[in-house]
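Colleague: Please pick one part of this model and take me through it closely. I would like the overall layout first, and then the detail residue by residue.

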Amino acid sequence: MIEASADPARSPESRLRSTREVLAPWVAGAGLLAAGATLWVLRTTETISADLDAFAAWCGTTLPGLPVFLKGYYEAAVGTFLNPVFFVALITVLALERVIPAKAGQRILSVGLAQDFLWVGLDGVMRLALIPVYAALLKAVYDRYLGWLTLDVVKAWPTPAALVASFLVIDLLAWAHHFVRHKISVFWYFHTIHHSQPEMNLFTDLRVHLAERIIALSLTFIPLSMLQIGMPTDLYIALALNWYTRVYHANLRTNYGVLKHVLVTPQSHRIHHSIEPRHQDKNFGVIFTVWDRLFGTLYPHYDEYPETGIADSRFPLEQHRGLMGVFRSLAAQFYYPFRLLLGRRTEGPT
Ligand SMILES: [Zn+2]
Ligand SMILES: [Zn+2]
């Protein structure tokens with residue numbers, strides 16, 4: 001009796017932990033199954049999606065004075081947030097956060113989650129309002145002055161090979177512009193918003209300053225145009241990619257077992273968001289870890305779950321609950337990179 005209770009492997013904490021680790025794949029599996037079934041029902045009957053489309057169209061027509069982009073926003077918001085897939089996936093991830101949290105004690109409905117959800121809304125509005133205009137401008141400039149650079153190499157390949165090549169190129173470019181946004185200080189000011197979250201959650205994925213979207217688009221537009229590559233438009237691939245990056249921002253203690261050697265995981269991306277100096281500028285990957293491996297930026301340990309955030313105490317971190325509190329924080333955070341830029345100008349180059 002005494003020996004058994006003295007064995008640390010049999011302590012109540014470790015038993016609880018091993019029960020949770022056993023439970024986690026079942027919760028994830030059930031969630032995936034439910035999400036898959038929901039998608040299948042949506043795809044085969046199209047009843048729910050037709051209703052959503054009708055509701056979205058109603059939102060657009062009942063507010064005829066709205067600018068076109070806001071109507072588009074309505075449609076996108078209705079399609080996303082009234083979509084059963086969204087809720088199945090959301091509930092699964094939140095359940096998993098209770099079962100295997102990376103940061104124990106973080107509330108599921110934290111202030112951070114509310115703040116990041118607001119960022120999702122702001123990001124959506126701005127993206128729909130400005131990014132298509134900017135992309136059209138870049139395309140016009142490319143077609144007029146750089147069209148001669150276009151290569152039809154990837155297009156000429158058989159479809160599966162072209163798909164794999166496109167996917168790898170997009171992932172490599174995502175790695176590259178992420179790396180650049182860390183290394184060029186002006187770009188980093190904007191990227192700090194994404195890194196500032198001490199309560200990582202699945203909406204942190206879209207805690208992104210609009211300037212970041214513009215920077216990323218500017219950096220990737222020419223190579224993607226040269227190779228005639230676009231983002232996947234298939235519903236299943238788009239949903240899987242969206243949820244893949246959301247899930248690795250959640251508060252989850254998992255490294256996906258052997259898959260950790262090839263895929264970015266909640267553990268490896270947590271290292272990227274770590275506040276500890278030894279983790280800085282590691283794990284830039286978005287889907288695959290191969291680029292970090294190739295360029296020497298892969299953090300070699302797979303079992304660390306550090307605290308996250310940035311070290312700047314002047315950052316206007318959300319601390320106050322309440323509607324006005326989170327809106328005030330959102331405005332202050334949006335302005336924060338500009339404050340750094342202005343400060344740099346008055347202080348002069350260092
Ligand atoms: Zn980063
Ligand atoms: Zn991130």
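**A buried arginine and the helices around it**

Modeller: From the N terminus on, the chain runs α-α-α-α-α-α-α-α-α-α-α-α-α-α, which comes to 14 helices and 0 strands (DSSP runs numbered from the N terminus, H or I of at least four residues for helices and E of at least two for strands). The model is predicted, with local features needing pLDDT of at least 70 and side-chain atom pairs counting only at pLDDT 80 or more, while totals for chains, interfaces and linings use all residues. Residues are numbered from 1 along each chain as its sequence is written, with chains lettered from A and ligands numbered from 1 in written order.

Among the contacts with a separation of 6 or more, 71% join residues 24 or more positions apart (a contact needs C-beta atoms, placed from the backbone, within 7 Å).

The part I would like to show you is the region around Arg181, a residue of helix α8. Helix α8 covers residues 159–183, 25 residues in total, and it reaches 36 Å from its first C-alpha to its last, close to the 36 Å expected (1.5 Å times one less than the number of residues). Its buried residues are Ser166, Ile170, Leu173, Trp175, His177, His178 and Arg181. As a group, these buried residues of α8 pack against α7 (153–156), α9, α10 and α13.

Why does Arg181 count as buried? Because 21 other C-beta atoms lie within 10 Å of Arg181. Leaving aside neighbours within four places in sequence, Arg181 is in contact with Phe187, Trp188, His191, Glu212 and Ile215. For His191, 10 residues away along the chain, the C-alpha atom is separated from that of Arg181 by 6.6 Å.

Several of those names come back when we turn to α9 and α10. Phe187, Phe190 and His191 in α9 meet Ala211, Glu212 and Ile215 in α10. Two packed helices are described by the angle between their axes and the distance between the axes. For α9 (residues 185–195) and α10 (residues 210–226), the axes come within 8 Å and cross at roughly 130 degrees (lines fitted to C-alpha atoms, over the stretch in contact, with angles from 0 to 180 degrees between N-to-C directions). The two helices are therefore oblique to each other (under 35 degrees is roughly parallel, over 145 roughly antiparallel, 65 to 115 roughly perpendicular, and the rest oblique).

Helix α10 has another partner in α6 (residues 111–146), and here the helices pack at an angle of about 30 degrees with their axes 10 Å apart. That makes α6 roughly parallel to α10. On the α6 side, Met126, Arg127, Leu130, Ile131, Tyr134, Ala135, Leu138, Tyr142 and Leu146 take part, and they meet Leu210, Arg213, Ile214, Leu217, Phe221, Ile222 and Ser225 in α10.

How values were computed. Contact = placed C-beta atoms within 7 Å. Buried ≥ 20, exposed ≤ 12 C-beta atoms within 10 Å, placed from the backbone.
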